[in-house]
Amino acid sequence: MDDLQPKTQDLNFTNRIDLKPLQEHVEQIKAEIGKIIVGQNNMVELLIISILSNGHTLIEGVPGVAKTITAKLLAKTLDVGFSRIQFTPDLMPSDILGTSIFNIKTNDFEYKKGPIFSNIILIDEINRAPAKTQAALFEVMAERQITIDNNRFIMESPFLVFATQNPIEQEGTYRLPEAQLDRFLFKIDVDYPSLDEEVQILVDNHKREDKIDFNTIKAILKADDIIKYQALIKRVVVEDHLLNYIAAIVNNTRINANLYLGASPRASIAILNAAKSNAAINGRDFVTPDDIKRCAKAVLKHRLVLTPEREMEAFTVEKVIDQILETIEIPR
């Protein structure tokens, strides 16, 4: 997917929005994460795009490919609150959201907030918890608020959920329903490193003596900076013919003979917002078709369901998305 990355060199234009500070901060974040993580550039960049787009992200990959540690390192580059929640089969909704406790001194109930009350939430193995615990995330992910005992609590901005899951080991897991998957802006598939990258991983690990010092990671952005950049992204220009292009891609998923379930308008909005962020971190205040193509697969892959016939033929959602992107005429 890196080959879809738009190139900004040799473009003679003047931005209407000053994106240089944003670009510099993004490069600094990548450099901080690069102190420990080798490769995984696509995952890191998509996670940054999700933050700028104010969207949650599901990270899927086999154990040991740095899903959790990359999310933790990214959180360390942000001077905001961070919580890590390990999902287990016995985890209850109150373990996440908090619970009301009776205070003998005041003779009244007091609400004790759970770990979800933070800015960056890392949920490890989200498919390990039962449905009722997963469902506890619905409101807070969609509306950035929690309603408990007739009291409404607004989450402090920024509020973002990064969740990991293992696609291989399915024993003792609970599959996420489509309604919850739709709450995630992206689904990022994390691949194995290349041979050269793995050699570098071993070299770095040997030099560090198998230790990771998170204190070496500097905080680059504060909460106010993130909120400012999220507002800046909204001003990126998108021409009408590109809006039609996004709509055509998503509409094709609903009439595609290979798919049982297509994407909703939420997917269209997700592609739009992600494409704006992708353009901005590449120094442009306008969206190109490449920005849309770059983000479309990560937005769509967890929202589409193959027909039973295609599943039996070992077809994949990724192939369908590639076919759609090849079929829809690119606007000029």
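Biologist: Where is Arg144 found?
Modeller: Arg144 sits in the loop between α6 (137-143) and β7 (145-148). This is a predicted model, and in it the phi of Arg144 is near 55°, a positive value in a residue other than glycine.

Biologist: Which residues does the cis peptide bond join?
Modeller: Ser157 and Pro158, with omega at about -5°. Pro158 belongs to the loop between β8 (151-154) and β9 (160-165).

Biologist: Switching to the inside: what volume does the largest cavity have?
Modeller: About 70 Å³. The elements giving two or more residues to its lining are α1 (20-34) and α2 (41-52).

Biologist: Which of those gives the largest share?
Modeller: α1, with 4 residues.

Biologist: And what's the lining like by class?
Modeller: It has 10 nonpolar residues, 1 polar and no charged ones. Among the lining residues are Leu22, His25, Ile48 and Tyr229.

Biologist: Now the surface. Which residues form the nonpolar patch there?
Modeller: Phe102, Ile104 and Phe109, with about 370 Å² of accessible area together.

Biologist: Why does Ile104 count as exposed?
Modeller: Because its relative accessibility is 73%, and exposed means over 50%. Ile104 lies in the loop between β4 (98-103) and β5 (108-113).

Key: Residues are numbered from 1 along each chain as its sequence is written. This is a predicted model: local features need pLDDT of at least 70, side-chain atom pairs count only at pLDDT 80 or more; totals for chains, interfaces and linings use all residues. Side-chain values use heavy atoms; hydrogens and water are left out. Patches are made of residues with over 30% relative accessible area and no salt bridge: like charges are joined within 9 Å, nonpolar side chains (Val, Leu, Ile, Met, Phe, Trp, Tyr) within 5 Å. Accessible areas come from the Shrake-Rupley method with a 1.4 Å probe; for residues, only the protein chains shown count as cover. A salt bridge is a side-chain nitrogen of Lys or Arg within 4 Å of a carboxyl oxygen of Asp or Glu. Buried means under 20% relative accessible area, exposed over 50%, partly exposed in between (1.4 Å probe, protein chains only). On a 1 Å grid over the protein atoms alone, a cavity is a set of points where a 1.4 Å probe fits but cannot get out, and a pocket is an open set with protein on both sides within 12 Å along at least five of seven lines; lining residues have an atom within 4 Å of a point. Grid points are joined across faces, edges and corners, and a volume is the space filled by probe spheres set on the points. Ala, Val, Leu, Ile, Met, Phe, Trp, Tyr, Cys and Pro count as nonpolar, Asp, Glu, Lys and Arg as charged, and the others, Gly among them, as polar.
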